[in-house]
Structure formats: C-alpha cells, structure tokens
Amino acid sequence: MKTMRNIHFIFCLLGLMAMLSCKKDETQAVAGDGIAAVLHADNPKAVVFNAETADQDSLTFAWQAADYGYAASINYTLQFALAADTVFASPVEVSFTSTTAYTVSGSAMNSLLGRLGIAADSKEAVNYRVIST
C-alpha cells in the first residue's frame, strides 16, 4: 500500500514539474481590425483597346496598401469579371507581391479580356477589384 502511495506521489510530482517547467518564449502575431486594400477609382469609364494602342500603357490600377495590424507579407490579387458577375464567381486574376499599382498595356488588357470570353471588336462592361491576403 505504501509503495502504491509513493508511486502515485512520484507521478503527481512529475506531472506538476512538467506543467511548471514549460515557458512560452515566442512572440505571437495577433490579427486585429486591419485596413483592407482600397482600389483608387481614378480610371476612365470607357477605354478602347485596338491595334494602335496595343503597345501603349492603357490603364493604371492603384490601391492603398492593406494593413493587418502587424508586419505581414501581403499579396495582392487584381480580379476582373464581367459586369453580370457581381460576386466574382469566375474572375480572371493577376497576382502581385507587395506592389500597390499595376499598369497594363493595351495588348495585355486585350489578353485579360479575352480570358473573360469577350470577343474582339465588342463593347463589354467589366468589374474589377483588388483583394489582399
């Protein structure tokens, strides 16, 4: 009986020592209320893309940097969707690392619009937004 009590005492003592011996020494990042990336709407309402403007810079998309309340590596994605796709269910995406602007040439924009299924020589409204992760 005394041996069982000693064994029980030793296990309790070891358990207590194990709980008290751990020390948390890492720094933890805690996400608070951050500031989302905000796209600046200073672009024209209508832009024509054709052969004459293929090599020229046609649009510049710029946004305010996101701030998550701690030093984070932030990736941005510019999404394009047809105007009828208001929830961006099937967007065309262009991703960036830490940059807050994107200047696109006429030919690159034609390529993006083609990936949305927009035919050449047609008029189509397109929604765009920036997301940060």
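Strand S3 is largely enclosed by the rest of the structure, because six of its eight residues are buried. Buried means under 20% relative accessible area, exposed means over 50%, and partly exposed lies in between, for a 1.4 Å probe and protein chains only. The model is predicted, so local features need pLDDT of at least 70 and side-chain atom pairs count only at pLDDT 80 or more, while totals for chains, interfaces and linings use all residues. Residues are numbered from 1 along each chain as its sequence is written, and side-chain values use heavy atoms, with hydrogens and water left out.

The protein holds two helices and six strands. Helices (H or I, at least four residues) and strands (E, at least two) are DSSP runs, numbered from the N terminus. Along the sequence, the pattern reads α-β-β-β-β-β-α-β. Of the 133 residues, 24% are buried. Contact means heavy atoms within 4.5 Å. Among contacts between residues at least 6 apart in sequence, 68% join residues at least 24 apart.

Three strands form an open sheet in the order S4-S3-S6, with antiparallel pairing. Strands S4 (92-97) and S6 (126-132) stand at the edges; each has a single partner strand, so one side of each is left without a neighbour in the sheet. Neighbouring strands are turned by 15 degrees against each other on average, direction ignored. Axes are lines fitted to C-alpha atoms, for helices over the stretch in contact, and angles run from 0 to 180 degrees between N-to-C directions. Two strands count as paired if DSSP finds at least two bridges between them. Strands of a sheet pair through backbone hydrogen bonds, either parallel or antiparallel.

S3 spans residues 75-82 and pairs with S6 in the antiparallel sense over seven bridges. Within this pairing, alanine 81 stands opposite asparagine 127 of S6. Phenylalanine 80 stands opposite tyrosine 128, also in S6. In a regular strand the side chains alternate between the two faces of the sheet. S3 also pairs with S4, again antiparallel, over six bridges. Here threonine 77 has serine 95 of S4 as its bridge partner. Helix H2 (residues 106-115) lies across S3, S4 and S6. The helix runs at about 130 degrees to S4.

Two loop residues other than glycine have positive phi values. Phenylalanine 88 is found in the loop between S3 and S4. Its phi is near 55 degrees. Phenylalanine 88 is buried, with a relative accessible area of 12%. Serine 98 is found in the loop between S4 and strand S5 (101-105). Phi of serine 98 is near 65 degrees.

The protein exposes about 9,700 Å², and carbon and sulfur atoms supply 57% of this area. Accessible areas come from the Shrake-Rupley method with a 1.4 Å probe; for residues, only the protein chains shown count as cover. Met4, Ile7, Phe9, Ile10, Phe11, Leu13, Leu14 and Met17 make a nonpolar surface patch of about 860 Å². Patches are made of residues with over 30% relative accessible area and no salt bridge; like charges are joined within 9 Å, and nonpolar side chains (Val, Leu, Ile, Met, Phe, Trp, Tyr) within 5 Å. A salt bridge is a side-chain nitrogen of Lys or Arg within 4 Å of a carboxyl oxygen of Asp or Glu. Methionine 17 lies in helix H1 (residues 2-21). At 49% relative accessibility, methionine 17 counts as partly exposed.
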